[in-house]
Amino acid sequence: MASAEPVCHIITPVSNLGYGFDNIGVNHLLRQLAASGRPTAMILNSCFEETGSGAAVRVGLPQGHRASCLRDIRRLLRCVGTHGVPLILNSSSTKAPEDHLDLVAEMVQEAVTQNSQDFKLVTIENNTEQQKTPPGNTPAQSSPSPSTHLKRSACPCTIGVCVQAFLKKAEANPDFEVLLSSSTSRLVPFIAFTSLCLKNAHKTTLGQTQAQTASIRGGILHLAKILEEGGVSAIPRCAGAVGTLFSDGSFEVSPVGARSQCTSISVASYILQPKSRLAVPEVGGALDLRQASYQTLEDNRTVKVRGTILRRVGESEKWFEAQARLQRPYRSIYLGRITDALLTSAIDRLLHRIKGYVQAQQPHFPADSWDLSFHVFGRRTPEVVVAGEITANSRDIARAMTEISRMATRLACGLQNRGAEWPDSQIVVLAVEGDG
């Protein structure tokens, strides 16, 4: 039986646009991947909800985060121009994805102008269909200007239809250099590009057995679920990862960070994390990992994965998601600074007395309904920072214990001298739920 051949390479410099990435490492890897002659692409997502920027509910970005996104886009476009590797950037916002895609497109246009580059840009957008004609050709003697060959088509939010829309537009524009897509699923650009490469390489499911088809589809989905988070599956975690898909559905994954490595344990355990659901209704099945194998290659940085199957889920099969809740799901913290040498030298005894005082002030709260712990930063230095952390069963208990604890800490430190600062800040109690 002939050995499986590499179909394509995918490099994800960072899991989310604007987070920053190892520019030198990415360029080094792109030189190696481009020299292999196999189809290669840079693929990443842009999800503004993850940045806390507020773009999830309004159009526009804070100046700071916009600058970070623009920095990453400029670097990525330079990689496209230098190595001839296309960039696929997906706007995976769950709220107003078209508006967010327009924001990304606007930043891409600005970066193209700043870099004095010229690219063919294809945009796949949800729910709208527009055509824009490219601007006139730039004279050879003048400075180049961006070329905006925009192609927009309707694309519902389901993974299967989004992938089909991707394939249709990519086949109509095979020489695209930058592709912007809009989908609520972060998996779409990875599944679509690998499917396109398989189709172009004539490695389609035609003529293959059902088992081979399930293995190929399983490998595509498995690789997509790993690469969508960048280098999270590496030890230690890094910004980006590189994946190579083979014609039999097996794949290899390695980190971008030079000091990181992917191991059999790190890759296998990542896909089993609670947030990585094995059942993906949008693609019509679930990942079956019972026969999957993970092999660490000779470089001790790359893992080869085989045997993943995308299995159809019958109507009679029941899928459920188990969740766990923290015993004390409400948390609040406060911070203080101590500069007096007498206090910092006896900080542990002082905090122990404060905790006992707080317990005595609230006897009506059950002892197991709350807990107070202190975190001390800067020991054996002239300045110590103390963080008081309260966990509780309810919001009211958390707020009450935070108030008494903060005031007790302030009085214990502040009445003795002025070498302490405990600002009067608003108490914010957060509800924290653990998934498991």
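**Group meeting: a strand, its hairpin and its charged pairs**

Good morning. I begin with a charged pair: Asp371 and Lys355 form a salt bridge through their side chains, at 3.6 Å from N to O. The two partners lie in distant parts of the chain, Asp371 in strand β14 and Lys355 in helix α9 (residues 347-361), 16 residues apart. Asp371 is partly exposed, with 28% relative accessibility, and Lys355 is likewise partly exposed, with a relative accessible area of 27%. Please keep in mind that this is a predicted model.

Let us now consider the strand that carries Asp371. Which residues of β14 form the covered face, and which the uncovered one? Strand β14 covers residues 370-377. Trp370, Leu372, Phe374 and Val376 make up its covered face, while Asp371, Ser373, His375 and Phe377 make up the uncovered one. In a regular strand, side chains alternate between the two faces of the sheet.

The partner of β14 is strand β15 (residues 384-392), and the two pair in the antiparallel sense over eight bridges. Within this pairing, Val376 stands opposite Val386 in β15. The hairpin of β14 and β15 has six residues between the strands, and in this hairpin Gly378 takes a positive phi near 90 degrees.

Arg337 pairs with Glu383, with 3.3 Å between the closest N and O atoms. Arg337 belongs to strand β13 (residues 330-338), whereas Glu383 sits in the loop between β14 and β15, 46 residues apart in the chain. Arg337 is partly exposed at 31% relative accessibility, and Glu383 is partly exposed at 38%.

In total, the structure holds 13 salt bridges. Another of them joins Asp288 and Arg311, at 3.5 Å from N to O.

I turn finally to the cysteines. How many disulfides are there? The count comes to zero.

Thank you for your attention.

Notes:
Residues numbered from 1 in each chain as written. Predicted model: local features only at pLDDT ≥ 70, side-chain atom pairs only at ≥ 80, totals over all residues. Heavy atoms only, no water. Buried < 20%, exposed > 50% of the residue type's maximum accessible area, 1.4 Å probe, protein only. Helix = DSSP H or I, 4+ residues; strand = E, 2+ residues; numbered from the N terminus. Pairing = 2+ DSSP bridges. Disulfide = S-S within 2.5 Å. Salt bridge = Lys/Arg side-chain N within 4 Å of Asp/Glu carboxyl O.
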